[in-house]
Amino acid sequence: MTGPDAGLSTGTSKPLLSVLKGESLAVPPMWLMRQAGRYLPEYRALRAEKGGFLELVYDSPAAAEVTLQPLRRFGFDGAILFSDILIVPYAMGQDLWFETGEGPRLAPILSETDLSALKPDLSRYEAVYETVRQVKVALDPAVTFLGFAGSPWTIATYMVAGQGSKDQGAARRLAYQDPERFGGIIDAIIDSTVLYLSGQIQAGVEAVQLFDSWAGSLAPLQFERWVIEPNRRIVEKLKALHPGVPVIGFPKGAGAKLADYAAGTGVDAIGVDETIDPHWANRVLPQGLPVQGNLDPLALIAGGRAVEESVDNIRAAFAGRPHILNLGHGILPDTPIAHVEALIAYVRQGKKS
Ligand code: 1CP
């Protein structure tokens, strides 16, 4: 089904999946990155009850519940599995814990010995697959179920520094100073990520997203080597194992390298962050490539005209192209719920807030 009215009343059975496969719908399907999380009171309540973030991820019924919470409240077109990108280094054998109020911490990889000492424990993926199975049976069939993983560069920044950092300096230094060793870390991440995403697909997700949240910190040649090439290898391996399952690439901060990323990786759809002019993106990206984005999460906090103006601009830019309406990065914890409701009403029914 294509054409201007395809998404309105004719009942495309899974609008988000259709767009990922190249259909263009008059009303773009919607989901929001990090939609399962801290801006929702029901998430905060369950998180407090379980005690910690990892406890929540490893409690499959609770993680399935968190995945479904934003669906019940808002009726999005996509559900994103509740887990975290750092489950991959954890399954690769790196210690992982969450400091209250601060974020994830890993025992940093500082030497060759640290890397070779890692003892992979693939059983650390099992609870996540169980979450997928539990969500799958409860999910409205019109909703597309998305799995995800971090991209190798982004994962490596956490593995090397042991935590999030402003400029990803530790990993950038290592990548220049010892590309062999850094490449070894990237290769190990690629292998574990392919296994993990393949497991999610076997358990029931219908498409997967690769989050390269720190793609924007690399110089051009490094971007080619540590962003484009590793994502290309993951896409190639996944395509061989699961033909027809769309892969969304999200190279946050790629800027002028957006089109090179699309062409070089072979992703089926591309996530665009809020700093990119959607009219420019539409000009430089291959015709027909599905695009996801790119409302500024800060505009959603402001609400009202800030959202409506941006949404109009984004939809005008991507008119005629397969487009999924999403944020340019994750929803922020202080986003008013009423603004999310107003965004959905505005996109689906043209209602002003
Ligand atoms: O305190 C809490 O309750 C934990 C907050 C939280 C949540 C809700 C973390 C810790 N992770 C998550 C879930 C999560 N993370 C999801 C599933 C839910 C959803 O999307 O709806 C996803 C897709 C992620 C992805 C993720 N984790 C990314 C990539 C996307 C992005 O926002 O750039 C990154 C960089 C992380 C690492 C991470 N996990 C958690 C935090 C606070 C961070 C950032 C740490 C830092 O850089 O300092």
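**Entry 1: a starting point**

Where is Q168 found? I located Q168 in the loop between helix 8 (152–161) and helix 9 (169–177). Q168 has a positive phi of about 55° although it is not a glycine. I then looked up burial, for which the rule counts other C-beta atoms, placed from the backbone, within 10 Å of a residue's own: 20 or more is buried, 12 or fewer is exposed, and in between is partly exposed. Q168 counts as buried because it has 23 C-beta neighbours inside 10 Å.

**Entry 2: ground rules**

I note that this is a predicted model, in which local features need pLDDT of at least 70 and side-chain atom pairs count only at pLDDT 80 or more, while totals for chains, interfaces and linings use all residues. Residues are numbered from 1 along each chain as its sequence is written.

**Entry 3: the whole chain**

I found 16 helices and nine strands in the chain. The C-alpha atoms fill a box of roughly 60 × 45 × 40 Å along the principal axes. Buried residues make up 47% of the 353 residues. For contacts I take two residues whose C-beta atoms, placed from the backbone, lie within 7 Å. Among contacts between residues at least 6 apart in sequence, 70% join residues at least 24 apart.

**Entry 4: around the ligand**

I get 21 residues around the ligand, and the closest are A36, G37, G164, S213 and G330. By class, the shell has 10 nonpolar, seven polar and four charged residues. In this scheme Ala, Val, Leu, Ile, Met, Phe, Trp, Tyr, Cys and Pro are nonpolar, Asp, Glu, Lys and Arg are charged, and the others, Gly among them, are polar.

I also checked UniProt, whose unreviewed entry places the feature "binding site" at R34, Q35, A36, G37, R38, D84, Y158, S213 and H329. UniProt positions are in the numbering used here, feature names are shortened, and annotations may be inferred rather than shown by experiment.

G37 sits in the loop between helix 1 (15–20) and helix 2 (41–50). G37 is buried, with 20 other C-beta atoms within 10 Å.

R34 lies in the loop between helix 1 and helix 2. R34 is partly exposed, with 18 other C-beta atoms within 10 Å. I logged a positive phi of about 60° for R34, although it is not a glycine.

H329 belongs to the loop between strand 9 (323–327) and helix 16 (337–349), and is buried, with 23 other C-beta atoms within 10 Å. Leaving aside neighbours within four places in sequence, H329 is in contact with M33, K252, D273, E274 and P297.

**Entry 5: strands 7, 8 and 9**

Which strands pair with strand 8? Strand 7 (residues 269–272) pairs with strand 8 in the parallel sense over three bridges, and five bridges join strand 8 to strand 9, also running parallel. Pairing here asks for at least two DSSP bridges.

Strand 8 (residues 291–295) has five of its five residues buried, so it is largely enclosed by the rest of the structure. Strand 9 has both faces covered, with H323, L325 and L327 buried on one side and I324 and N326 on the other.

I stopped at a cis peptide bond between G293 and N294, with omega of about -20°. Most peptide bonds are trans. N294 is in strand 8 and stands opposite N326 in strand 9, while G293 is the bridge partner of V272.

V272 lies in strand 7 and is buried, with 27 other C-beta atoms within 10 Å. Outside four places in sequence, I list V272 in contact with P278, A281, V291, Q292, G293, N294 and G328. The C-alpha atoms of V272 and K252, 20 residues apart along the chain, are separated by 7.0 Å.

Notes. A residue is near a molecule or strand if its C-beta atom, placed from the backbone, lies within 6 Å of it. Helices (H or I, at least four residues) and strands (E, at least two) are DSSP runs, numbered from the N terminus.
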